[in-house]
Amino acid sequence: MSALPKQAEMVRSSLIDEIQDAWIADLVDDWQSERKPRQHIYASQRRSCVRRMTLDMTHPNDEPPPSADALERMRRGRERERAIKARLDHIGVRSKMPFEVIRSQERFEVKDRDGIVLIVGKIDGIIQFETGHRVIFEVKSGEGTRNVETIEDRDAGGWIQHMPDQLLAYLLASEQPFG
């Protein structure tokens, strides 16, 4: 009779391991599907080291995937972005200055004077007010953004150091004065 509980525990443990392995494989597959050589940088991957950006463009698969925890945090960030945009859509009609979220995840490009694409990205969205004013926005979440209140705070270092560069690339590409 004691063999049954031990066998049930082994099955339970095996099922948990199988689910966890599939979960991690899904995260890694999502990450690797975006890793292809290209001639431009992504706005979200601007770095201080030009060599690192070059290697990321030309040999993206040489870099090992981030840890499963980091990949999960990135996925939660994308889910948080969708939730924030849905909330903005919901409250836009209730605002004293009504607005709506438009052009979510729209691709943009920054080109040099010869038309060569240098930077590519996707804007998280644009808030368009009934007055016609538009504000580009970028959603960031996570521990690194907890105490960020100004653009200068984002330029402080670490994971969030180049977030201002990303927003500035959006503004440049769309010829918007602020966002």
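Biologist: How many residues does helix H3 have, and what distance does it reach from its first C-alpha to its last?

Modeller: Residues are numbered from 1 along each chain as its sequence is written, and side-chain values use heavy atoms, with hydrogens and water left out. Helices (H or I, at least four residues) and strands (E, at least two) are DSSP runs numbered from the N terminus, and the expected span of a helix is 1.5 Å times one less than its number of residues. H3, which covers residues 68–92, is close to its expected 36 Å, for it has 25 residues and reaches 36 Å.

Biologist: Where in the chain is confidence lowest, and where is it highest?

Modeller: The chain averages a pLDDT of 83, and 89% of the residues score at least 70. Where pLDDT is low, the predicted coordinates should not be read in detail. The lowest confidence belongs to helix H4 (residues 151–154), with a mean of 67, and the highest, at 93, to E2.

Biologist: Is Arg82 buried or exposed?

Modeller: Arg82 lies in helix H3, where Ala70, Leu71, Glu72, Arg75, Glu81, Lys85, Leu88 and Gly92 are buried. Buried means under 20% relative accessible area and exposed over 50%, with partly exposed in between (1.4 Å probe, protein chains only). Because the relative accessible area of Arg82 is 51%, this residue counts as exposed.

Biologist: What distance separates the C-alpha atoms of Arg82 and Ser104?

Modeller: Along the chain, Arg82 and Ser104 are 22 residues apart. In the model, the separation between their C-alpha atoms is 9.6 Å.

Biologist: Which residue of E6 stands opposite Ile126?

Modeller: Ile126 belongs to E5 and has Ile102 opposite it. E5, which covers residues 125–129, is mostly covered, with four of its five residues buried. In E6, the residue opposite Ile126 is Ile136.

Biologist: Which residue in the turn between E5 and E6 has a positive phi?

Modeller: E5 and E6 form a hairpin, and four residues lie between the two strands. Gln128 has Arg134 in E6 as its bridge partner. The turn residue whose phi is positive, at about 100°, is Gly132.

Biologist: What is the phi of Arg103?

Modeller: Arg103 sits in the loop between E2 and strand E3 (106–111), and it is partly exposed, with a relative accessible area of 35%. Gln105, in the loop between E2 and E3, has a phi near 60°, a positive value in a residue other than glycine. For Arg103, which is also a residue other than glycine, phi is positive and near 50°.

Biologist: Why is one side of E1 and of E3 left without a neighbour in the sheet?

Modeller: The open sheet has three strands in the order E1-E4-E3, and its pairing is mixed. E1 (41–42) and E3 stand at the edges, so one side of each has no neighbour, and the reason is that each has a single partner strand.

Biologist: Which residues does Glu138 touch?

Modeller: Glu138 is in the loop between E6 and H4. A polar contact is a pair of N or O atoms within 3.5 Å; within protein, one must be able to donate a hydrogen and the other to accept it, and residues adjacent in sequence count only if both atoms are side-chain atoms. The Glu138 side chain makes such contacts with the side chains of Gln166, at 3.2 Å, and Tyr170, at 3.0 Å. Leaving out residues up to four places away in sequence, Glu138 touches Lys122, Asp124, Gln166 and Tyr170.

Technical notes: Predicted model: local features only at pLDDT ≥ 70, side-chain atom pairs only at ≥ 80, totals over all residues. Pairing = 2+ DSSP bridges. pLDDT = per-residue confidence, 0-100. Contact = heavy atoms within 4.5 Å.
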